[in-house]
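Look at the sequence and the model below.

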Amino acid sequence: MTATMRALLGATALSFAGFALQAETLTIATVNNGDMIRMQKLTGDFTAKNPGIEVEWVTLEENVLRQRVTTDIATKGGQYDVMTIGTYEVPIWGKQGWLVSLNDLPASYDVDDLLPAIRGGLTVDGALYAAPFYGESSMVMYRTDLMEKAGLSMPDAPTWEFIADAARKMTDKSGEVYGICLRGKAGWGENMAFLTATANSFGARWFDMDWKPQFDSDAWKSTLSFYIDLMNDAGPPGAANNGFNENLALFQTGKCGMWIDATVAASFVTNPKDSTVADKVGFALAPDNGLGKRGNWLWAWSLAIPAGTQKADAAMKFVEWATSKEYLALVAANEGWANVPPGTRTSLYENPEYAKVPFAKMTLDSINSADPTNPTVDPVPYVGVQFVAIPEFQGIATAIGQQFSAALAGQTSVDDALANAQALATREMTKAGYIK
Amino acid sequence: MARASSPQRRAVVTLAAWTAGFVIFFPILWTVLTSFKTEAEAIASPPSFLFFNWTVENYGEVMERSNYFRHFWNSVVISVGSTLLGLAIAIPAAWSMAFAPAKHTKDVLMWMLSTKMLPPVGVLIPIYLIFRDTGLLDTRIGLVIVMTLINLPIIVWMLYTYFKEIPGEILEASRMDGASLRAEILYVLTPMAVPGIASTLLLNVILAWNEAFWTLNLTAAKAAPLTAFIASYSSPEGLFYAKLSAASTMAIAPILILGWFSQKQLVRGLTFGAVK
């Protein structure tokens, strides 16, 4: 063999070695919120522990992300190796075979440590299809000073009757203080998330066991009438346009007596940097009507691996890292316990340090009181507390949300809104083949 | 004879023009102002217009979190690339329609415009599948092609309108002097239509820069332009208005500056042929 030949062979071998050593890049799609941004900042810990794996982030607004990843996974586009999806998508996508099962996570991951309510929502036919990054429910956040001024004391588990009474007593419209702020903006993840969860506590349900819509029931009528009467008496003006952010701004600037919304809001309203009422906030479970179901929802932003990815092993390592107990400890060490992603692991709530966080216990109690597999008083054929885990739900619920938002704005009556909702849902469910 | 106008009338017209201009510009001004506030001040009610604690911390945070320059460069390549490619196709097309019209030229023009009437989401899945199979997903070249195709009807229409204003006799004269078709388009037609071509170019750069459906849906990490950069700061659960405003200001600043410096060209091009 000539020297030239040897040099060429050597160079070829080296280039192969170089190829083998080249870093594998994971593309991770995620939503824009505080916990996810914190994870991006801590990525260095993952890459240090896993040399050879690089991470590229695609952060998008929630609705844009949902459209983007749904297009990609439905067409097997393969653009993402890890996707951030919610409890609505996981049962549908898992059933379609679009996600990699996470049943092979190592024993050290301690899958049994995941909160049962959250884990149940991410499991399809016994297989876990996504690992929860943070979980949330909804609860009552209230102004302790205004409650005291109204001569009332908030119980840990209030009824809707108490909430309505307190809201009316706390309202001082001339002073721009409104007893209660609730979602009114139309959308399946906006007003319908709140109203569906509330309806559960009033004994209403979306469908009976034959998938027949139930908006013509008395339970739905009392839900919607209660909500609209309460908002007219004690809600802020223009409430039909208010979503999470609008209500957060109202609450933080001292204009709401009570706000029932996502538990994740607790860290915002108690942060003195952004909130003028940070030291006057109390928490309570979402209200009930004595029927055995509370009006709180359950959601978990979770990490899942699309079945089309070529980098499933590296993706699995990332999911394991980001949803592990060690990650929670890492966040605590860097940013403090109040900033640890909540609502995923039992061990977090057994930690005495975390127990000092003011909203920790109420978040856990709220999550535990939601049951996505048995969400309503009467039996239903679907999974999901504030949604129905079928692909048709997004479209139907957004259209019905517009009806309910119009009723809140006074453009239509409660009876007409419910009749339209019933007709609309019946038509769509028949078209989709659920109703024969 | 020029119409006589009293100083009072001129003052009223000037005031009305400034008011209209201010109203149109206000959302941009408000975005820029909000970008210098803290998140708490951004949601304060009543809002403060100028008297707040000015801060640049939002810009610092945005620069720390995102790779602005990569998004910026992607936007430049996609908008300029698609406009140049579009012009290369549209100039000969508009020439033939303006100076050598056939029986169905008008129908072809209308048909081209009709493609703009389809909601983009209607063809998302077919285009996504084509991109997947040709390996064009999340590539700049893929977006240049899509942007060219999307804006081509507008480019052809604009150039056609400008070319129609140029007397065909001048082109005939050049032909009589022995100019080839290429020379006729390049050395006779194009120089005469420079204002029109310039305004077409600028308008299409702006349209491609601001396009937010295809640029969001066909990109992931590598080819994502500034529209994706803005989308990463919007959030339905969490008040990040100040940071979102900072990101928006950074995204629109380059195109705003371009528009500012080329406004003379833009106005000249848009009014080209309006007065004979």
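**A covered strand and a chain contact**

Strand β10 of chain A is covered on both faces: A:Leu298, A:Ala300, A:Ser302 and A:Ala304 are buried on one side, and A:Trp299, A:Trp301 and A:Leu303 are buried on the other. Buried here means that 20 or more other C-beta atoms, placed from the backbone, lie within 10 Å of the residue's own; 12 or fewer make a residue exposed, and values in between partly exposed. The strand spans residues 298–304, and seven of its seven residues are buried. Strands (E, at least two residues) and helices (H or I, at least four) are DSSP runs numbered from the N terminus.

This is a predicted model, in which local features need pLDDT of at least 70 and side-chain atom pairs count only at pLDDT 80 or more, while totals for chains, interfaces and linings use all residues. Residues are numbered from 1 along each chain as its sequence is written, and chains are lettered from A and ligands numbered from 1 in the order in which they are written.

Two strands pair if DSSP finds at least two bridges between them. Strand β3(A), residues 82–85, runs antiparallel to β10(A) and is joined to it by three bridges; A:Met83 has A:Ala304 as its bridge partner. Strand β6(A), residues 131–143, is also antiparallel to β10(A), with six bridges, and A:Gly135 is partnered with A:Ala300.

How many residues does each chain give to the contact? Chain A gives 30 residues and chain B gives 26, where contact means C-beta atoms, placed from the backbone, within 7 Å. On the side of chain B that touches chain A, α2 (39–42), α6 (124–134) and α11 (214–217) of chain B give two or more residues. Helix α6(B) gives the most, with five residues.

Definitions and conventions
Two residues are in contact if their C-beta atoms, placed from the backbone, lie within 7 Å.
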